[in-house]
Amino acid sequence: MLTINEILYSVQGESSYAGQPCVFVRLTACDLRCSWCDTPYAFHEGSKRALDEVLQDVDRYECPLVEVTGGEPLLQEQVYPLMDALVARGKTVLLETGGHRSTARVPADVVTILDVKCPGSGEAHRMDWDNLDRLRPHDEVKFVIKDRADYEFARDVVRQRDLAARAAAVHFSPVHGEMDLRTLSEWVLADRLPVRVQVQLHKYIWDPSTRGV
């Protein structure tokens with residue numbers, strides 16, 4: 001059984017797949033408490049559902065792109081059969097994970113979007129740095145930037161770990177409503193960083209507080 005917070009069909013708001021229709025399977029529970037978290041309702045809300053039932057819900061949207069997210073999806077053991085089953089159905093599967101849980105068992109065909117927590121999140125000390133060594137060429141890395149200290153932290157990790165050469169994309173995403181997008185862009189340009197400045201697209205399409213999108 002899986003504990004599911006919600007299954008929804010929306011526009012992908014982040015990563016290299018931004019703008020594409022996507023089915024989101026949001027799993028319940030997270031053992032992080034990031035200061036800027038925008039899905040605290042996923043900490044506890046959810047219901048037990050059988051794998052076949054979840055797959056049926058996903059299939060009814062007839063969408064080739066599926067993201068498994070949370071919460072922190074790697075907290076649930078049944079996430080692995082879920083990802084395997086989605087891949088077997090021919091889906092492009094994205095996994096959004098917080099970076100503190102090992103990605104060693106993520107199926108080879110799944111695109112891991114690894115969120116490296118910056119100091120402003122309050123959870124940077126939880127990072128499993130071995131996950132950066134596990135990156136595959138199709139995986140992506142995301143840094144959520146709250147302020148200059150976060151930016152410098154992320155910049156140094158990108159350079160020291162040569163992330164641009166090891167991942168399909170590296171994203172710098174400003175905390176919505178806190179980090180000025182122009183300022184972040186100018187920092188990236190000044191340092192000539194090989195990263196993508198990225199907004200959370202869904203928060204510009206819909207009100208940032210809207211659920212189910």
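The structure is a predicted model, in which local features need pLDDT of at least 70 and side-chain atom pairs count only at pLDDT 80 or more, while totals for chains, interfaces and linings use all residues. Residues are numbered from 1 along each chain as its sequence is written, and side-chain values use heavy atoms, with hydrogens and water left out.

Across the whole structure, a search finds 22 salt bridges, a salt bridge being a side-chain nitrogen of Lys or Arg within 4 Å of a carboxyl oxygen of Asp or Glu.

Select R49 and E53, whose side chains meet in a salt bridge at 3.2 Å, N to O. R49 counts as buried because its relative accessibility is 13%, where buried means under 20% relative accessible area, exposed over 50%, and partly exposed in between (1.4 Å probe, protein chains only). E53, at 37%, is partly exposed.

Next, select E123 and R126, which form a salt bridge with 3.7 Å from N to O. Here E123 is buried at 9% relative accessibility, whereas R126 is partly exposed at 30%.

Then select D133 and R161, where the closest N and O atoms of the salt bridge are 3.9 Å apart. This pair links distant parts of the chain, 28 residues apart, with D133 in helix α3 (residues 130-133) and R161 in the loop between α4 (148-160) and α5 (163-166); helices (H or I, at least four residues) are DSSP runs, numbered from the N terminus. D133 is exposed at 51%, and R161 is partly exposed at 27%.

Finally, select E14, E96, D115, K117 and K142 together, which are linked in a network of salt bridges.

Definitions and conventions
Helices (H or I, at least four residues) and strands (E, at least two) are DSSP runs, numbered from the N terminus.
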